[in-house]
Amino acid sequence: MRPFMRPIIEFCISNLASGTEMVKEALEKEPGLDVVEYGCLGNCGECFTNPYALVNGEIISAMTPEELLEKIRVLVGLEEEGDMGIGQGEEEVEEQGMKEEARKK
């Protein structure tokens, strides 16, 4: 019998400013996920252009942090693909994003 392995989601510290900090915080609240932050994941081209993370070693990127969260949640089985409702954790991402925007003004 193969042991169950928890999904590993890795974030680059240099990419956190592009919004992945909120994604990381939302995923850290999910039981059954290992969420890790590293100084560098060695994907500088992707890191410079888009919010991204590694999920079980695979690069997952998106145009927005909200889209990245949805893609990761689908990939690890927390929600169904195409689920148009706000998933658990996404509300926090949107709320934190609004707070960040307000601080910038």
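**The salt bridges**

Mentor: D34 forms a salt bridge with R6, and the closest N and O atoms of the pair lie 2.9 Å apart. D34 belongs to strand β2 (residues 34–38) and R6 to the segment before β1 (8–12), so this bridge ties together parts that are 28 residues apart in sequence. D34 is partly exposed, at 30% relative accessibility, and R6 is also partly exposed, with a relative accessible area of 38%. Please bear in mind that the model is predicted.

E37 counts as partly exposed at 37% relative accessibility, whereas K24 is buried, with a relative accessible area of 8%; the cut-off for buried is under 20%. K24 and E37 also belong, together with E28, to a network of salt bridges.

A further bridge joins R73 to E30, with 2.7 Å between the closest N and O atoms. R73 lies in helix α3 (residues 65–75) and E30 in the loop between α1 and β2, so that distant parts of the chain, 43 residues apart, are linked. Both R73 and E30 are buried.

Across the whole structure, a search finds 5 salt bridges. As for the setting, the protein has 4 helices and 4 strands, which follow the order β-α-β-α-β-β-α-α from the N terminus.

Note on methods: Residues are numbered from 1 along each chain as its sequence is written. This is a predicted model: local features need pLDDT of at least 70, side-chain atom pairs count only at pLDDT 80 or more; totals for chains, interfaces and linings use all residues. Side-chain values use heavy atoms; hydrogens and water are left out. Helices (H or I, at least four residues) and strands (E, at least two) are DSSP runs, numbered from the N terminus. A salt bridge is a side-chain nitrogen of Lys or Arg within 4 Å of a carboxyl oxygen of Asp or Glu. Buried means under 20% relative accessible area, exposed over 50%, partly exposed in between (1.4 Å probe, protein chains only).
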